[in-house]
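Subject: Structure handover

Hello,

My notes on it follow below.

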Amino acid sequence: MEKSSTMLFLLNLCIIFGTVVIRRCNATTYFVGDSSGWDISSDLESWTSGKRFSPGDVLMFQYSSTHSVYEVDKNNYQNCNSTDAIRTFTNGNTTVSLSKPGDRFFVCGNRLHCFAGMRLRVNVEGNGPSQAPVGSPQAAPAGILQPSSKQNNPATGVASSATRFNGSGSSGSMGIFVYLMVLAFPFIWSYLLINTFP
């Protein structure tokens, strides 16, 4: 009796662990501005159209030394004011995690660049990793592209689109491996328990 309750507990634990792992695999990394990056030449206003941002997703800002990323509140976003920023980044390769629902606002620290379009509003929806809306274009895993409009960019490259666990490529292979291991774990554990403790 005790052996079966232990196995049931372990099975439930594996299911919970598997759910957490699978949800993490579904998080999306967005390269802001795609191959143009965080730059004055990027159409950042239309870049967000068709994208659904959710908690767990990540924004990658890649930019030259003439730019910066300031996270600001809505009022400062509308006025291109970076003097009272929430967070400031200047390293050329910035990662921002979208940890909770709500609007997030980003501007370039150069006010003229901001007024010229280097600002980004991201609406983080829901409470879990994003799923592409039905009928929306799916982001395909892409290789690393070197942006041609950047100089002095410390980043190694900019991918052309979002990356998501989708079962293809090397990240997809790793995701499938993790998924299969999570599914196989209860059976392996049960086998070991049955054959180890008579």
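A salt bridge here is a side-chain nitrogen of Lys or Arg within 4 Å of a carboxyl oxygen of Asp or Glu. This is a predicted model, where local features need pLDDT of at least 70 and side-chain atom pairs count only at pLDDT 80 or more, while totals for chains, interfaces and linings use all residues. Residues are numbered from 1 along each chain as its sequence is written, and side-chain values use heavy atoms, with hydrogens and water left out.

**Salt bridges**

The count comes to four salt bridges. In one of them, the side chains of Glu 71 and Arg 87 meet at 3.2 Å, N to O. Glu 71 sits in strand S3 and Arg 87 in strand S4, 16 residues apart, so this pair links distant parts of the chain (strands are DSSP runs of E, at least two residues; helices are runs of H or I, at least four; both are numbered from the N terminus). Glu 71 is buried, at 6% relative accessible area. Arg 87 is partly exposed, at 34%. The cut-offs: buried is under 20% relative accessible area, exposed is over 50%, and partly exposed is in between, with a 1.4 Å probe and protein chains only.

Glu 71 also forms a salt bridge with Arg 104, at 2.5 Å, N to O. Arg 104 is in strand S6, 33 residues from Glu 71. Both Glu 71 and Arg 104 are buried.

Another salt bridge joins Arg 121 and Asp 103, at 3.1 Å, N to O. Arg 121 lies in strand S7 and Asp 103 in strand S6, so the pair ties together parts 18 residues apart in sequence. Arg 121 is partly exposed, with 39% relative accessibility. Asp 103 is partly exposed too, with 38%. Shared partners join Glu 71, Arg 87 and Arg 104 into one network.

**The sheet behind them**

Which strands form the open sheet, and in what order? There are four, in the order S4-S3-S6-S7, with antiparallel pairing. Two strands pair if DSSP finds at least two bridges between them. The edge strands are S4 (87-89) and S7 (119-124), each pairing on one side only. From one strand to the next, the twist averages 20 degrees (axes are lines fitted to C-alpha atoms, and angles run from 0 to 180 degrees between N-to-C directions).

S3 (residues 69-72) and S6 (residues 102-107) are joined by three bridges. Opposite Glu 71 stands Phe 106 in S6.

**Another strand pair**

S2 (residues 58-62) and S5 pair antiparallel over five bridges. Gln 62 has Asn 93 in S5 as its bridge partner. In a regular strand, side chains alternate between the two faces of the sheet. S5 (residues 93-97) has Thr 94 and Val 96 on a covered face. Its uncovered face holds Asn 93, Thr 95 and Ser 97.

**Second largest pocket**

A pocket is an open set of points on a 1 Å grid over the protein atoms alone, where a 1.4 Å probe fits, with protein on both sides within 12 Å along at least five of seven lines; lining residues have an atom within 4 Å of a point. The second largest pocket has a volume of about 180 Å³, volume being the space filled by probe spheres set on the points. S7 gives the most to its lining, with three residues. Helix H2 (44-47) and S7 each supply at least two. Among the lining residues are Ile 40, Tyr 77 and Arg 121.

Best regards
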